Amino acid sequence: HIKILLFEDNSADADLVSEYLELSNLSVDILLVKRLADGVKALSGQAFDLVLLDLSLPDSSGIATLKSVAAAVRDEVIIVLTGADDEELSLEALQAGAQDYLFKDRLSGEVLRRSIRYALERATLLNRVEAHAREVQHSAALLRRIFDANTDAMLILTQEYEIKFLNPAAGELLEAAPDSLVGETFPFEVERDA
């Protein structure tokens, strides 16, 4: 079941989108708002899965509308609906946080269904990637703290003996600031295990 917030001030367009959503065979619950302020208020009061956003509203227009909604959403996915066939605007919308950009005159139940499913799946994958990146960053910071706290000199070298990483104890042993040695060639002979 997909909870949708539809920003649309034109009643005929709102009815058409609702009809296409019915034809899409998706299980949806739609809340219609006609003004940006009403939609932002709805977003602060309840959670939605998806926002269908017309960029031309009585109290806002263009990319400013999208930016205001993007600032108000938590995890909601945004799909822009527009009557303007403007490729530059569509790219700007994607860069400003929209997952997709659909032209109203090309809408159908199938187009809407595909866009919604793909946008939700992309958002899920993006959330997973971001969570994984945060986990990796946390693990790297933890490893760095353990590495730095070790009183034994520790270095990580490339195959060509370039110093990639060293702890403070190694810096003391080599009588230099650790940061000044990163990228330098290790000055001593190293035995490799066969």
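Colleague: Which residues are exposed on the other side of α1?

Modeller: On that side of α1, Ala12, Asp15, Glu22 and Leu23 are exposed, that is, over 50% relative accessible area, with buried under 20% and partly exposed in between (1.4 Å probe, protein chains only). The model is predicted, so local features need pLDDT of at least 70, side-chain atom pairs count only at pLDDT 80 or more, and totals for chains, interfaces and linings use all residues. Residues are numbered from 1 along each chain as its sequence is written, and side-chain values use heavy atoms, without hydrogens and water.

Colleague: How do you know that the span of helix α1 agrees with its number of residues?

Modeller: Helix α1 (residues 11–23) has 13 residues and should span 18 Å at 1.5 Å a residue, the expected span being 1.5 Å times one less than the number of residues. The end C-alpha atoms of α1 are 18 Å apart, which agrees.

Colleague: Why are the buried residues of α1 said to line one face?

Modeller: The buried residues in α1 are Ala14, Val17, Tyr20 and Leu21. Seen down the axis, they fall within an arc of 125 degrees, so they line one face of the helix; the arc is that of the directions from the helix axis to the C-beta atoms. They pack against β1, β2, β3, β6 and α5, where contact means heavy atoms within 4.5 Å.

Colleague: What puts the buried residues of α2 on the same side?

Modeller: In helix α2 (residues 36–45), Leu36, Gly39, Ala42 and Leu43 are buried. Their arc around the axis is only 125 degrees, which puts them on the same side of α2. Lys41, Ser44 and Gly45 are exposed on the other side of α2. Among the partners of the buried residues of α2 are β4 (56–57), β5 (60–61) and α3 (63–72).

Colleague: What makes a run a helix or a strand?

Modeller: Both are DSSP runs numbered from the N terminus: helices are H or I with at least four residues, strands E with at least two.
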